[in-house]
Amino acid sequence: MSDYIIDIEHLSKSFGQKEILIDITLKVKRGESIVTLGKSGTGKSVTLLCIVGLILPDLGTLKVFDKSIPDLSEKELNEVRKKIGFLFQSGALYDSMSVRENLEFPLIRHFNYSRDELNEKVETVLNDVGLIDSIDKMPSELSGGMRKRIGLARTIIMRPEIILYDEPTTGLDPATTREISYLIKDLNSAYNITSLIVTHDMACTKITAQRILVLKNGIYFAEGSFDELSNSNDDFVKSFFI
Ligand SMILES: Nc1ncnc2c1ncn2[C@@H]1O[C@H](COP(=O)(O)OP(=O)(O)O)[C@@H](O)[C@H]1O
Ligand SMILES: [Mg+2]
């Protein structure tokens, strides 16, 4: 039994001649909240897609919940994916469905809940994200920040043990960025979720990160807390903090 819920060692991934990830070692304990910083096109999203088995690494080991992801069958992979939430930048909601229907959708697909159980679960997560009054609204009636909250509610309604956040605050104004970042942090501690956040947004990083990894040229170039890295002497690391 590994101490780590995500345990990656010496992972590499190239596309054609292009080496994207060269030697990635990432060990995450249950309940941790880790931010990966990196410039655009450095392989942050590729790393997340490897974790959910959508991209196959070339070399290295990649275990999640003690299971070697590249070795799983599609059926086994689906079981693992049920325990991993994935919040993309757009967090796209279905425009033709109400908030309630958007939230029920993943539950109906994967489980056989009664009407009462569905109502109870939808209401719980809407209370968690502070939007119970919007239950019967359509996505078009909501602000960008509210849509983001609903996207997060739709992720946590599955009760994931891990949530992967891909640029969760990109495109949001500073106030909404803070609001969403605090929500990520609060949900993390309320449900003991393990969070892996990739971003280049320092406001989000400061609020959510217990530990930060800086990705550069296919490796984790630097690691530390926000305070440690913000005092770094390295020009590349410093470039994120100005
Ligand atoms: N499926 C793919 N096929 C070919 N190249 C890819 C694929 N996915 C990502 N890449 C390339 O890998 C690099 C890293 O991509 P990505 O992880 O999306 O960067 P980011 O750090 O901005 O999230 C980019 O150059 C991208 O073009
Ligand atoms: Mg990306």
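**Close-up views of a predicted model**

**View 1. Helix α5 and its cover.** Helix α5 is mostly covered, with 10 of its 13 residues buried, where buried means that 20 or more other C-beta atoms lie within 10 Å of the residue's own, exposed means 12 or fewer, and partly exposed lies in between, the C-beta atoms being placed from the backbone. This is a predicted model, in which local features need pLDDT of at least 70 and side-chain atom pairs count only at pLDDT 80 or more, while totals for chains, interfaces and linings use all residues. Residues are numbered from 1 along each chain as its sequence is written, and chains are lettered from A and ligands numbered from 1 in the order in which they are written. Helices (H or I, at least four residues) and strands (E, at least two) are DSSP runs, numbered from the N terminus. The helix α5 takes in residues 144-156 and reaches 19 Å from its first C-alpha to its last, close to the 18 Å expected at 1.5 Å a residue, the expected span being 1.5 Å times one less than the number of residues. Among its buried residues are Arg 147, Lys 148, Arg 149 and Ile 150, and what covers the buried residues of α5 includes β6 (84-87), α3 (99-110), α4 (115-128), β7 (162-166) and α6 (174-190).

**View 2. Helix α3 against its partners.** Val 99, Asn 102, Leu 103 and Glu 104 are the buried residues of α3. These buried residues of α3 pack against α4 and α5, with contact taken as C-beta atoms, placed from the backbone, within 7 Å of each other.

**View 3. The shell around ligand 1.** The residues around ligand 1, whose C-beta atoms, placed from the backbone, lie within 6 Å of it, include Phe 15, Ile 20, Thr 42, Lys 44 and Val 46. Helix α1 (residues 44-51) gives the most to this shell, with 3 residues. By class the shell has 3 nonpolar, 6 polar and 1 charged residues, where Ala, Val, Leu, Ile, Met, Phe, Trp, Tyr, Cys and Pro count as nonpolar, Asp, Glu, Lys and Arg as charged, and the others, Gly among them, as polar.

**View 4. The surroundings of Ala 203.** Ala 203 lies in helix α7 (residues 202-208) and counts as partly exposed because it has 15 C-beta neighbours inside 10 Å. Leaving aside neighbours within four places in sequence, Ala 203 is in contact with Pro 174, Thr 177, Arg 178 and Ser 181. Phe 241 is 38 residues from Ala 203 in sequence and 9.8 Å from Ala 203 in space, C-alpha to C-alpha.

Technical notes. Two residues are in contact if their C-beta atoms, placed from the backbone, lie within 7 Å.
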